Amino acid sequence: MLRLARPPASLFPSATSVVDLDIEKFFDRVHHDLLMHRVRAAVGDVRVRTLIGRYLKAGVMINGVVQESEEGTPQGGPLSPLLANIYLDPLDRELESRGLSHVRYADDCNIYVGSEAAAARVYASIRKWIERELRLRLNETKSGGGPCEGRKFLGLSLSAKGVITVAKQSIERFKDRVRQLWRRGQPEESKELRDQWNRYVRGWCEYFRLAEDWRWLRRTEQWSRRRIRCFYWQRWHSAAGRLRAFRRLGVKPHCWSSAYSTLGAWCMAGSPAMQAAISNRALRRHYFLFPSHLLGR
C-alpha cells in the first residue's frame with residue numbers, strides 16, 4: 001500500500017514545501033469501469049478478473065437490504081487496498097513523469113517541492129488531473145500546500161532540515177497506550193502484562209522504523225518505565241505488601257521505610273526505593289522490551 005518515489009528527508013534537503021493530497025471519499029467513489037480497465041491490464045487470469053468484478057458488484061447491506069454498488073470498493077474489504085493501488089498507479093506514474101518526489105499510502109499522497117509557490121502550482125495542476133483522469137475529487141479541507149516542517153503523514157513528520165521523525169501526535173498516542181496497558185486494577189499476571197506490552201512495542205517499532213530523529217525517545221522511555229513502576233506500587237496495595245515486595249526484590253533495608261509513604265503512586269514511582277525494586281537492569285533481565293532495544297538507539 002505504501003508507495004514512495006524519491007522520498008525526501010536528509011537525501012533531499014531541497015524539499016521545503018509539501019502538497020498534501022487527500023482524495024474525498026475515495027473508496028466510495030472509485031469508478032468501476034476505469035478500475036476494471038486497469039485490472040484487465042494488470043491481471044492476466046480471466047477467472048481472477050471475473051471474481052474481482054463480482055466482488056465490486058456484490059453490493060452492501062443497508063438495514064437488512066442488499067443494494068447493488070455502481071461505484072466504489074468495500075472499505076475495509078481484503079481486496080480494497082490492492083484495488084486502490086491498481087486504480088491510483090497512473091497517479092504515481094504521472095508524478096514520476098514530472099520528476100516529483102512523493103509518497104503515497106492508499107488515497108493519501110504527499111508531494112515534496114522546493115517552494116510554496118511550486119506547491120501551489122503543483123496542487124492546482126494535480127487537482128485538475130485527478131478530476132479529469134481518475135474522475136475523483138480532492139477533499140479541499142484536508143488537501144493543500146505548505147511548509148514540510150511539522151506536516152504529519154502516516155504518523156511521521158519532517159523537521160526543517162527534511163529529517164523524518166515521529167509526529168508529536170503519534171508520541172502522545174504512544175503515551176496513551178502506555179497508560180492503558182499499565183492502568184490500575186488489571187487482573188492479569190505480570191508475565192501476561194509483560195507479553196502484552198512487548199507485542200505492542202514490537203509492532204510500534206516496526207511501524208515507525210523509518211524515522212531518523214529519535215532525540216525524544218530517551219525521555220519517553222524514562223516516562224514509560226515510571227508508569228510501570230507506578231502500576232506495581234499500586235498493585236502491591238498496602239504498606240505490608242510493598243514491604244514484602246521490597247524484601248523479595250532485594251531493596252536495601254534503609255529504603256524500606258518508603259513502603260509506609262502516604263505520597264501518591266506517581267510520586268513514589270520515581271523514588272529511590274522503586275528505582276531499586278524495579279530497576280532498568282531488572283526490567284531487561286525479565287525481558288521487558290523498549291523501543292531503544294529494538295531500534296538500536
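Modeller: Let's start with Asn139, which touches Asp22, Ile23 and Glu24, leaving out residues up to four places away in sequence. Bear in mind that this is a predicted model. Asn139 sits in the loop between helix 5 and strand 7 (144–147).

Biologist: Why is Asn139 called buried?

Modeller: Its relative accessible area is 14%, and buried means under 20%. Asn139 falls under that cut-off, so it counts as buried.

Biologist: What makes the pairing of the Asn139 side chain with the Thr141 side chain a polar contact?

Modeller: The distance is 2.6 Å, and the cut-off for a pair of N or O atoms is within 3.5 Å, with one able to donate a hydrogen and the other to accept it. The Asn139–Thr141 pair is therefore a polar contact.

Biologist: Arg135 is in the loop between helix 5 and strand 7 too. What is its phi?

Modeller: Arg135 has a positive phi of about 60°, although it is not a glycine. Lys25 also has a positive phi without being a glycine, at about 45°. Lys25 lies in the loop between strand 2 (17–22) and helix 1 (26–29).

Biologist: And why is Lys25 called exposed?

Modeller: Its relative accessibility is 52%, and exposed means over 50%.

Biologist: On to helices. How do you know that helix 4 (residues 80–97) and helix 5 (residues 116–134) meet?

Modeller: Their axes come within 11 Å and cross at roughly 145°, and helix 4 passes helix 5 in a right-handed crossing. The touching residues are Tyr87, Leu88, Pro90, Leu91, Glu94 and Leu95 from helix 4, and Ile126, Trp129, Ile130 and Leu134 from helix 5. Contact here means heavy atoms within 4.5 Å.

Biologist: What classes of residue make up the contact of helix 4 with helix 5?

Modeller: Nine are nonpolar, none is polar and one is charged. Helix 4 and helix 5 also turn up, along with helix 3 (46–57), in what covers the buried residues of helix 2. Those buried residues of helix 2 (residues 32–42) are His32, Leu34, Leu35, Met36, Arg38 and Val39.

Biologist: What makes strand 5 (residues 101–105) "mostly covered"?

Modeller: Four of its five residues are buried. As for its partner, strand 5 pairs with strand 6 (residues 108–113) in the antiparallel sense.

Biologist: How do you know that strand 5 and strand 6 pair?

Modeller: There are five bridges between them, and pairing takes at least two. Tyr105 stands opposite Asp108 in strand 6. The two strands form a hairpin with two residues between them, and Ala106 in the turn has a positive phi of about 55°.

Biologist: Why are strand 8 (152–153) and strand 10 (164–166) said to stand at the edges?

Modeller: They belong to an open sheet of three strands in the order 8-9-10, with antiparallel pairing. Strand 8 and strand 10 each have a single partner strand, so one side of each is left without a neighbour in the sheet. Strand 8 is joined to strand 9 (residues 156–158) by two bridges, and Phe153 stands opposite Leu156.

Biologist: Now Val178 in helix 6 (residues 168–181). Why does Val178 count as buried?

Modeller: Its relative accessibility is 0%, and the cut-off is under 20%, so Val178 counts as buried. Setting aside neighbours within four places in sequence, Val178 is in contact with Trp197, Trp223, Ser224 and Arg227. Val178 and Arg227 are 49 residues apart in sequence, yet 7.5 Å apart in space, C-alpha to C-alpha.

Notes: Residues are numbered from 1 along each chain as its sequence is written. This is a predicted model: local features need pLDDT of at least 70, side-chain atom pairs count only at pLDDT 80 or more; totals for chains, interfaces and linings use all residues. Side-chain values use heavy atoms; hydrogens and water are left out. Axes are lines fitted to C-alpha atoms, for helices over the stretch in contact, and angles run from 0 to 180 degrees between N-to-C directions. A crossing is left-handed if the near helix is turned anticlockwise from the far one by less than a right angle, and right-handed if clockwise. Ala, Val, Leu, Ile, Met, Phe, Trp, Tyr, Cys and Pro count as nonpolar, Asp, Glu, Lys and Arg as charged, and the others, Gly among them, as polar. Buried means under 20% relative accessible area, exposed over 50%, partly exposed in between (1.4 Å probe, protein chains only).
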